[in-house]
Amino acid sequence: MTRALIVRGFDDQVHEKLGNVANQRGVSINSIVKDAVDLWLKKQQSEVPKKHHLIIYSDNESMMRMLKTMDKLAKQGNYFRCFFGPPHSPFTKLLSQLNWYDGTHEPYPFPSREEQKQQIQSALQMRTQTYKQIMTYCDKILANVITEASDKEVCCIDFMINDGERASSKLALVIEKAYDDNRMAGLMYCTYKTNDLLNSKMNDLIKLFELHDQIFLLNEDEVYKLHATKENVHKLFLS
């Protein structure tokens, strides 16, 4: 269904130039204006930020306090607020109380810490069967969030990824790569607890850093931005 659009602010000179161009090209002024509007809309859509950030936090209490601040900022920015996380996490409970959309669904793909201690599973089984199941799960929850967001930019916080890291650093990197290849419009924050992340190999840590636009460290109530760039050994001797 077409709508009438009144464009104000064109003086006689601009209108005359538009008329001349329209006559030369054999089109109407309406057609030129419509093409200009379509082009502008496409440009706006292409410039929508799709950020993928990493947050490494020291303790649960610090993260809980930061979540309350992030909630206020996300509301001010009119973001679609959503999260992924384990069902009995304090973060999940807090964000649910603050009316964030819970993108996870049952059955949750990772065991709790207590269940993990009791669980005996070979690395081969994890690589072949569980990896595929978890990636299918991740595809579904991303699709659900995109549908629920209804074209709004998201502010999405992922706590599930830390459980993936505890299961396997390689698995966490596979999930991160999927997030990075299928970025949502808005802001995506992947969160890791320091104690869980620092058990990783250095190569895995570097790959994790490279998959994110920015890296933030949360220590108590202080946020630090970490710059991780590949350098030459000579830099060690430069002031």
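I take contact to mean heavy atoms within 4.5 Å. With that cut-off, residues 24 or more positions apart account for 75% of the contacts in the protein chain with a separation of 6 or more. The model I am reading is predicted.

**Entry: whole chain**

I looked up the totals before any detail. The protein chain has 10 helices and seven strands. Of its 239 residues, 36% count as buried.

**Entry: strand β4**

I turned to β4, residues 154-158, and asked how many of its residues are buried. Five of the five are, so β4 is largely enclosed by the rest of the structure.

I then sorted the residues by face. In a regular strand the side chains alternate between the two faces of the sheet. For β4 I find V154, C156 and D158 on one side, and C155 and I157 on the other. These residues are all buried, and both faces of β4 are covered.

Next I checked the partners of β4. Strand β2, residues 80-84, pairs with β4 in the parallel sense over five bridges. Within this pairing I noted R81 opposite C155 of β4. Strand β5, residues 186-193, also runs parallel to β4 and is joined to it by five bridges. There I noted C190 of β5 as the bridge partner of D158.

**Entry: A74**

I picked A74, which lies in helix α3. Is A74 buried or exposed? Its relative accessible area is 2%, and the cut-off for buried is under 20%, so I list A74 as buried.

I looked up its contacts, leaving aside neighbours within four places in sequence: they are Y79, R81, W100 and C155.

**Entry: helices α3 and α4**

Two packed helices are described by the angle between their axes and the distance between the axes. For α3 (residues 60-76) and α4 (residues 90-97) I read an angle of about 15° and axes 10 Å apart. The crossing of α3 past α4 is right-handed.

Which residues meet here? From α3 I list N60, M63, M64, L67 and K68; from α4, P90, F91, L94 and L95. By class, the residues of this contact divide into seven nonpolar, one polar and one charged.

Notes: Residues are numbered from 1 along each chain as its sequence is written. This is a predicted model: local features need pLDDT of at least 70, side-chain atom pairs count only at pLDDT 80 or more; totals for chains, interfaces and linings use all residues. Side-chain values use heavy atoms; hydrogens and water are left out. Axes are lines fitted to C-alpha atoms, for helices over the stretch in contact, and angles run from 0 to 180 degrees between N-to-C directions. Helices (H or I, at least four residues) and strands (E, at least two) are DSSP runs, numbered from the N terminus. A crossing is left-handed if the near helix is turned anticlockwise from the far one by less than a right angle, and right-handed if clockwise. Ala, Val, Leu, Ile, Met, Phe, Trp, Tyr, Cys and Pro count as nonpolar, Asp, Glu, Lys and Arg as charged, and the others, Gly among them, as polar. Buried means under 20% relative accessible area, exposed over 50%, partly exposed in between (1.4 Å probe, protein chains only). Two strands pair if DSSP finds at least two bridges between them.
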